[in-house]
Amino acid sequence: MKRPKLRKASKRLTCHKRYKIQKKIREHHRKVRKEAKKRGRKKPRKDPGVPGAAPFKEALLREAELRKQRLEELKQKQKLDRQKELEKRRKLDAKRSAVQEQTQGKESSGKSAAKKTKKALDKNVIETSDVVLEVLDARDPMGCRCPQLEQAITCSGGEKKLLLVLNKIDLVPKENLEKWLNYLKKEFPTVAFKSATLLKDRNQETFSRRRARIDLSRHTESFGSECLVRLLQEYGRTQSKAIQVGIVGFPNVGKSSIINSIKKDRVCDVGPARGVTKSMQAVRIDKQMKILDSPSIVADPTSSAVTLALRSIIHTGELCSVNVVKAVDAILNHCNKQQVMMFYSIPDFQNTEELLSVLAQKRGMLKKGGVPDIENMAESLLCDWTGSKISYHSEPPASQIPLPYLTEDKIAEMQAGFNLKKLEEENSSTVQALKYPSPASSIVFQSAGMTNGKIVKNKVVEEESEWEDLETSHEEEDFMETADDQDSIEEEEDNVKEVNPGFICFLPAWP
């Protein structure tokens, strides 16, 4: 009797059989391709259409043409409907995100202000500071100066000092920087400064992974920080007490970056967006000195268009994209057109929208259908100009006209207590240690002069700038006023005093 199989036979083949089968398959495919090549490609059969002898031929052709047109119209209508639905969704998403950001910002600013500056909200940064540092962007120092702030400090009547910190000095030509230092030191003691970037955060662990790709010697090293700290420490010894230093300035001049450079740690939040600092923050440097980081000065809405574009917080997004385009147009109107063309490597353009369109195509910022995304390109360009990507410079005034609040006695009073000779030597060593862009690669910018600031005393100022025809309008909210509220409002109005005709002295407060 034959023994039954316990399991099925294996289907595995020997290598000889498997290779033989594969060879036959290849030969078969080769023959099929060869025969197809001999026959040649067959032309697609044409539609014979309606025969000439068919009855009602014209009516049939007309009906077929109408059916074809109806199909084309239906396709176009469906395409337009889809585009409209997408636009509606984008606008709704933008509105929702804007509302969420506003609510979250108000809640977070309120909570952080209550936690961090619970004791400091009732006082002013000028009142609590012994020395005030006004941070200026070296590319447009005059546009970063606030006459209301300087007048409030010089006319305070106390022993408060005002120092000018000329930040971002590596973005201007060396000759231009030396001219500005010679111009500014005649009014206030001026420190040349270059902030450190890419500083390691306390909780940042992924920074070491990028160490091989980033030239840290260029970005993380700061210049002028030791000079500034030494100058403040020497002044503190003359006062024989611990001093408080307040840092003030317009958006994106680098106030928080200066504190991080001095502390050599990322203790303050920084970013390319404007208005990152929303509340006052105290940072202790040593036992004898503490620095107060403050929110930005709000630019007066009556200022020029280029001033509002560079010195105010613009809420970018789909809801105000046209405003950002107008802001970029205001900046480019103050520059040399040929230098802008050479910097961006683009041909001649007629207007700002054409420039943005060319740059959007060049950088791949396109919408559906290959349409240039002008709005996002305008936001990117505005961030480049207010950030540290573009090198441009403005020339100091030919003649130094004394300001009404800066008399010789006030200048001597502000300079007293500082070793100006040593400061000048350290500034020159800082200038010599840096690399600067050549004048040919830097865009010449026509400054609009000093920027009027608007800082309300002991009250938060939220800038809600609506750029309509390059003008901003502050909408006042209506409140139900009680008797106590009315008294408090009258007290705040008494704190605001007129300094010059047409100027109001606003003192800083915190969100």
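How many of the 9 residues of helix α8 (residues 255-263) are buried? In this predicted model, 8 of the 9 are buried, so helix α8 is largely enclosed by the rest of the structure. The buried residues are Lys255, Ser256, Ser257, Ile258, Ile259, Asn260, Ser261 and Ile262, and they pack against the strands β1, β2, β4, β5 and β6 as well as against helix α7. Just after α8, Lys264 takes a positive phi of about 60°.

Several of these strands belong to an open sheet of 6 strands, which has mixed pairing and the order β3-β2-β1-β4-β6-β5. The edge strands are β3 and β5, each of which pairs on one side only, and the twist averages 25° from one strand to the next. Strands of a sheet pair through backbone hydrogen bonds, either parallel or antiparallel. Strands β5 and β6 run antiparallel and are joined by 5 bridges, with Ala282 standing opposite Leu292 in β6.

Helix α5 (residues 174-184) also has buried residues, namely Asn176, Leu177, Trp180, Leu181, Tyr183 and Leu184. Because these residues cover an arc of only 160° around the axis, they lie on the same side of α5. What covers them includes the elements in this table.

| Element covering buried residues of α5 | Residues |
|---|---|
| β1 | 131-137 |
| β2 | 161-167 |
| β8 | 392-393 |
| α15 | 420-433 |

The edge strand β3 (190-192) is also among the elements that cover the buried residues of α5.

Conventions: Residues numbered from 1 in each chain as written. Predicted model: local features only at pLDDT ≥ 70, side-chain atom pairs only at ≥ 80, totals over all residues. Heavy atoms only, no water. Pairing = 2+ DSSP bridges. Helix = DSSP H or I, 4+ residues; strand = E, 2+ residues; numbered from the N terminus. Axes fitted to C-alpha atoms, helices over the stretch in contact; angles between N-to-C directions. Buried < 20%, exposed > 50% of the residue type's maximum accessible area, 1.4 Å probe, protein only. Arc of directions from axis to C-beta. Contact = heavy atoms within 4.5 Å.
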